[in-house]
Amino acid sequence: MTTNDKIPQLRMLAPESFRTKLTRRAIFQMGTAAAGLAIVAAACGGDDGGSGGGTDTTEGPGSTEAPGGTLASGDWSRVINAASGTLAMYTWGDYNDPDLVGALADSTLGVSMKVDYYASNEDLITKLSTSGGNSGFDIVAPTGPYIPQMIEKGLIQKFDKSLIPNMVNVDPSYLAQAWDPTNDYSVCKNWGTTGFFWDSTVITRDLVTWADFFDACMNEASGNCSVLDTGPNLWGAWCWANGKDWNGTDAADLDACEAFLVDELAQHIKKFDSYPSTAIAEGAYALSMAWNGDARQAYFRILEAGGDPSVWKWALGTPTTELWMDNYCIAAGAPNAEAAHAWINWDLVPEISIQDLQYHGYHTGMKDMSKLIEELAPDLEYGDMIFFDEEQVSTMSTQEITEAIDRQVDILNKMKAKAGA
Amino acid sequence: MTVAITDRRRRKWRGPKFALALPSIIWYSLFFVIPIAFIVVYSFGTKDTSRLLPVDLGKLTTGNYSEVFDDTFFKTFKATLRISVIATLMCLVIGLPVAYFAAFKVGEKWRAIILALVVIPSFTSFLIRTVAWRIPLAPKGEFSRWLIDLGLIGDKGIQLLETQTAVQIAIVYNYLGFMILPLFVAFDRIDVRMREASKDLGAGRITTFFSITLPLAGPGIAAGVLLTFIPMCGDYVTATVLGGAKGNMIGSMIASQFSQAQNWPLGSAMAVLMIGAVLLALVVGVLIVWVVPRLVGLLAPVSEAVRRSMHERRTARALAGTTRRSIQVDINRVAMAVWAALVLLFLFIPIGLVFRHSFNGGSSFSIWSGETSTKWWGELFDGGAAWAVALRFVVITALALVVKRVLARTTDITPRRLNWVGPGGFVLALVVNGLVSDWFRKIFDFAGIGDAIRNSFMAAFGATVIAVVLGGLSGVALARRPGRWAKIFMGTVFLILVTPEVMDAIALVTWFQRLQDVPVLGYVFKNGIGPFNGGMHKLWVGQSLYASAVVTLIVRARLSGLDESLEEAAADLGAPPARAFRQITLPLISSALIAGGLLSFTLCLDNAVISTLVSEAGSTTFPVALLGATKSTIKPFWGVGAVMLFMITMAALAFVAVVLRRSGESSSDIAATLAGG
């Protein structure tokens, strides 16, 4: 134990969970080798964490196999900028490892974090716009297609990219997206997709396509079925089931979609729930449309509730489904933009990113992902719900904001009214 | 001499009659009337999401209204009214025997205990209690499995979660206390001699209840119905947490028009119609109250005959020497006691569950992992800070008691003043702890909950101060200087009380956005003053509206029960108005102010709807943060936070109770004023 007592004196990069695995010897090996193992040594404790924002940075190309497998091998940037003060994040529910937005952010970066949650991109936009650039939030996490209108309305500000050097760790295929080709305003937080999750004791047949999903919802799972609480996703599911392009704006399609969702499907729905995992474990649903990370969470919750996870099945919707990407952005008028940059940059360090991934269960867009997982999280469960093969990814398409968006939201509202009647 | 006096009195009454109510008039105009007027205007606009404020007022239309009357939306309206009416009636039916039992069937001591047990649950966060209902209702929860094992229900488990029934149960639960209190006060006020006279004149128990007790309790019933029905109509928390698609209520639908759909005009139209619907429902209610007794009156000859024959039979039986009646009395009393006990148990179910689940070893609040653990509490009490704080409290309070003893022996300060030493020590300990350590930070510095709890108290405290000052002044003005202005003013107060919270919330949010460009106010709400940021000021404004209306009514009721002679005497004896107010009026209304303050404090502490919409980062309160967390998984530490909040509130209340006791208020007086006059 005495060896571990000294460890807190070092401000270091390894996440808390890794820290306990490190021996003092390993620390010194890493320190003396200095082979790019970014360890920021600060004299005793963390109280002097860069008042006024002096940036203690150490960087270098990681190369060695870290003792105990704690640091990923390969060419990674691991810059950590110290910051101070409080940092307010406004994000989706349960979307970061609590340690990373809590104690570890405090001890590593020197910022005290506050996190609030929203349930839809529209909620986020409303909150930011009704406060007139004065919401008090620093970091927000909008979904890609919503970024252009947020830029246009002046709700988010440009990055100072020199403060986010770790952006090089992101796989280029997740950078330079249509909504922000130069990544001046946003960087990939993580991406995911949509599928469904069902109790095979209630629905005994195998569900494969979105049409199967709708069918089961209206039959075996009638009254015990939940769908996502977002207009575009429900419109999307209808398009995916019917071989339409969900970025199309054809009025006839929208009418047909409304006719089906409102008049036929709505009455069978138990709840519009974007995070069904807890309610699934409570036994509220037999079939849920869900994002992959939340469905994965459901397995753990079911086990905790004393249920049998093995009877629950997950399927990525076919023939097509969505690929959504949420992004870190900095709110316009952010009270602590410096800390916001520092935190985002820190979350792009591979070890931190993987720690986050293990918590929320979404692909964080790091390059060489399979190698990272192999080295940092070899015992990751239900990995097939996080990572998808080429063939699966090729069936996914990203939402675009079209003039039909109002109509999509409108359909959702009508569904809600109908479902409640 | 007489001339001098009239001169003086004339001087006293200078200024317009509404002078004292002026602060409230300005406040309500600025933060209620104008914002609501804007909502009415928006309801004729068209949606334009390209603007920061997504309403186009260029072309006005009534299209939004016809859209609301569209079949599907209208159904949600009806469902909301149905749920609210049923829940109000259930509260009445369930609560009436409890109030009756507490008022007539038990002694002073038990009365206080029952009232306390009714009130205490409402000091636990409204939201966490609602979430806690998920636990017994979950189909795969322990309770459900237990029932299955007993063979009481099928093996599918309880099928209530995410249904209208769940909303109905929780909504009755959430508002039951607001029904019982006014009912109790109404019963308690009834002159016992009336009931005795009725019985002496030969009326039976039932006759006495229906022809004496119930009519006399009429105002209390009306107050209870108002206090439950209106908040229910605007409730969006219960439906959001438990309702699912089938339990959708209009409050959440309006809120989602403003946030998710960004369709402010449609949301505004819904909100306007909702107020209309609530008012209509009230009118219908009043009509029923007015018509029923008259219908009963029409039937009087019949009921009279029945009554008489029953009475004759009873006297005959009494003459025959049977003792059946006294046995019946006991059975009734026992039945009522059992009922009251069951209702109180019902009120405490979610609280017990919150407490237990704060010790959940798992990772989700509502799912019991089967393992008891203090890990979430451990996170809260990190290190020895909590013990140091507790120690300081004990030492300073003990010192205060010693000082009190010494003073009592060595000086001739009156015992009444000495009694303040104890509470004074407590306050000192609070201050010392605050200065010496950053204890509230240390203790609460985890997962953002500590900040949320602190913000809750700051917001509720500020709003309560505003409410007490505004409500106190306008209450005095209403009781002592009525006139034509009073009618308009009372109309506004009534409108504030009946306006569903969600509508206030959206009106304020949009109004604050406009205010940002106004010189002084814009600065206050944008940048904040001193240690309080703009979000905190918005919370104060938002929470103070309903609270100040409540205080106004309580103060007015208290004062109008007292005649003006004392104040006149003071004036006659030459006291200037300010002094007469300080020395006569203020002591007269002090209990009303304290009771009103307490009531506002608890209401504000629990406020979720307005707070969610107006709060900003850094001013997030506990209910706001928890409402955010309900959107995904609620961790067990929310239970810990709720228990902490509960304990702090109880400590604060105990402190107030001690102070009140010291200053000579009786506990039933406090309960009476608490329940609305």
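Visitor: Which residues have the most contacts inside the largest nonpolar core?

Guide: A nonpolar core is a set of buried Ala, Val, Leu, Ile, Met, Phe, Trp, Tyr and Cys residues joined through side-chain atoms within 4.5 Å. Here the largest one has 304 residues, and those with the most contacts inside it are A:Leu287, A:Trp343, A:Ile344, A:Met415, B:Phe31 and B:Trp638. Helix α9 (residues 164-189) of chain B gives the largest share of this core, 16 residues. This is a predicted model, in which local features need pLDDT of at least 70 and side-chain atom pairs count only at pLDDT 80 or more, while totals for chains, interfaces and linings use all residues. Side-chain values use heavy atoms, without hydrogens and water; residues are numbered from 1 along each chain as its sequence is written, and chains are lettered from A in the order in which they are written.

Visitor: Which residues of helix α26 of chain B are buried?

Guide: Buried means under 20% relative accessible area and exposed over 50%, with partly exposed in between (1.4 Å probe, protein chains only). Helices are DSSP runs (H or I, at least four residues), numbered from the N terminus. In α26 (residues 519-527) of chain B, the buried residues are B:Gly522, B:Val524 and B:Phe525.

Visitor: Why do the buried residues of α26(B) line one face of the helix?

Guide: An α-helix has 3.6 residues a turn, so residues three or four places apart point the same way. Seen down the axis of α26(B), its buried residues fall within an arc of 160 degrees (taken from the directions from the helix axis to the C-beta atoms), so they line one face. On the other side, B:Pro519 and B:Val520 are exposed.

Definitions and conventions. Helix = DSSP H or I, 4+ residues; strand = E, 2+ residues; numbered from the N terminus.
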